[in-house]
Amino acid sequence: MNVEVMRNVFARNDALAADTRALLTQYGIVSVNLIGGAGAGKTTLLEATLPKLAGRKRTAVLEGDIATTHDAERIAALGVPAMQLLTDGGCHLGAALVYNSIQKLPLAELDLVFIENVGNLVCPANFDLGEQRTVAVLSTAEGDDKPAKYPLLFKRANAVVLTKLDLLPHVSFDVEQCIRYIRQLNEAAPIFALSAKTGDSLDDWVTWLLSA
Amino acid sequence: MHEFSIATELVAAVVGEAERHGARRVERLECQCGAMRQIVPAMLIDAFELAAVDTLAEGAQLTVKTVPPTVRCRDCGAETQPTDWAVECPRCTSLNIAVEGGDELLLTSVTLEVDDER
Ligand SMILES: Nc1nc2c(ncn2[C@@H]2O[C@H](COP(=O)(O)OP(=O)(O)OP(=O)(O)O)[C@@H](O)[C@H]2O)c(=O)[nH]1
Ligand SMILES: [Mg+2]
Ligand SMILES: [Zn+2]
């Protein structure tokens, strides 16, 4: 028996993601899925951003990692509720793990939930977690051609953070060229070039989050 | 090796189809992969074989069809469908291009073994 179908391969994941999105919407929560390579600076970006949101948005962070609770500890040190999601070797977060974890958060007391994905530019781009905003995090240490090499993430992103801008004098990274590659895939996403380490140029990014 | 995480989802999708039709097992399946997914067909086929063990899709034959994106040049206006991943206009080499489509990942056809055919 032959069956012609047109079935999205990620239907199972996407159905759970839709449940997460509905639940968050019901509580008026916006969630942000941070995707970037290993060591791009996702946790450092959160460490720089969360204090600027204090008093304006009630935040929490889900920290996806293959192993260790280091990143959740770094967030908890700021006084922001953090939950470590361990994938036990899995290279990306899936909607099921996020759906189960998010229900353990005090949803009625939150406005903005960040999900830091496992450091990886490839696999996480395939998986909707039910977030309202997908953010690609790329650092100047990784090379300006990364959007051309990992197009799916940059196509999907609602915003791109170009971080470690303070390293520009030490690396050969052409910001204009990088933006050109991003614009081949995505004309609309705002691009925030900043340094999470020095705190330079964080304002536009924070404003975007406040209005998300 | 992102093919493995995709293979796991593909197995779930095809087993879902098989169950819906009360099939005994999956014989063949075909999927369409947009070039932007950067899937190596041979690797997806190997990963699928492993991920399908002990499911209704064990031993099923997978065919992978790669779908190119459409590249529209904002400078010379050319519209092309390069088979390889492109970062410049194949006609005028401009980088000022818009890449559209090529991000689909669909299960398009399934051949099932069902009881009443025996
Ligand atoms: N110079 C500079 N270094 C940075 C910046 N942001 C992060 N780093 C450094 O980059 C390294 C990795 O930063 P993390 O924030 O842990 O990166 P990550 O993306 O969370 O890493 P994983 O979660 O392990 O994938 C650390 O040594 C940071 O201090 C920045 O803006 N400038
Ligand atoms: Mg981290
Ligand atoms: Zn052209």
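**Close-up 1. The surroundings of ligand 1.** Ligand 1 has 19 residues around it, and the closest include A:G41, A:K42, A:T43, A:T44 and A:D166. (A residue counts as near a molecule or strand when one of its heavy atoms lies within 4 Å of it.) Keep in mind that this is a predicted model, where local features need pLDDT of at least 70, side-chain atom pairs count only at pLDDT 80 or more, and totals for chains, interfaces and linings use all residues. Residues are numbered from 1 along each chain as its sequence is written, chains are lettered from A and ligands numbered from 1 in the order in which they are written, and side-chain values use heavy atoms, with hydrogens and water left out. Helix 2 of chain A gives the largest share of the shell, 3 residues. Helix 2 and helix 3 (70-76) of chain A each bring at least two residues to it. (Helices, H or I with at least four residues, and strands, E with at least two, are DSSP runs numbered from the N terminus.)

**Close-up 2. Side chains that reach ligand 1.** In the side chain of A:T44, an N or O atom sits 2.5 Å from an oxygen atom of ligand 1. For the side chain of A:T43, the distance from an N or O atom to an oxygen atom of the ligand is 2.8 Å, and for that of A:E116 it is 2.9 Å. On its own, ligand 1 has 650 Å² of accessible area, and the protein covers 73% of that. (Accessible areas come from the Shrake-Rupley method with a 1.4 Å probe; for residues, only the protein chains shown count as cover.)

Close-up 3. (Buried means under 20% relative accessible area, exposed over 50%, and partly exposed in between, with a 1.4 Å probe and protein chains only.)

**Close-up 4. The zinc ion (ligand 3).** Over in chain B, four cysteines hand their SG atoms to the zinc ion: B:C73, B:C76, B:C89 and B:C92, at 2.3 to 2.4 Å. The angles among the 4 donor atoms run from 107 to 113°, and the site is tetrahedral. (Four donors count as tetrahedral if all angles lie between 85 and 135 degrees; four count as square planar and six as octahedral if opposite donors are over 155 degrees apart and all others between 65 and 115; anything else is irregular.) Along the chain, the donors are spaced C-x2-C-x12-C-x2-C. B:C73 is buried, at 3% relative accessibility, while B:C76 is partly exposed at 28%.

**Close-up 5. A salt bridge between the chains.** The whole structure holds 17 salt bridges over all chains. (A salt bridge is a side-chain nitrogen of Lys or Arg within 4 Å of a carboxyl oxygen of Asp or Glu.) One of them pairs B:E9 with A:R12, with 3.0 Å between the closest N and O atoms. Since B:E9 is in helix 1 (residues 3-20) of chain B and A:R12 in helix 1 (residues 11-26) of chain A, the pair joins two chains. B:E9 is buried at 8% relative accessibility, whereas A:R12 is partly exposed at 45%.

**Close-up 6. A:D145 and its partners.** A:D145 makes a salt bridge with A:K146 (2.9 Å, N to O) and another with A:K149 (3.4 Å, N to O). A:K146 is buried, at 14% relative accessibility. A:D145 is partly exposed at 23%, and A:K149 is partly exposed at 44%.

Close-up 7. A:E131, in the loop between strand 5 and strand 6 (133-139) of chain A, is buried at 4% relative accessibility. B:L10 and B:A52 lie 42 residues apart in sequence and 9.1 Å apart in space, C-alpha to C-alpha.

Terms used
Donors are N, O and S atoms within 2.8 Å of the metal (3.2 Å for Na, K and Ca); water is not among the atoms, so sites may look incomplete. A polar contact is a pair of N or O atoms within 3.5 Å; within protein, one must be able to donate a hydrogen and the other to accept it, and residues adjacent in sequence count only if both atoms are side-chain atoms.
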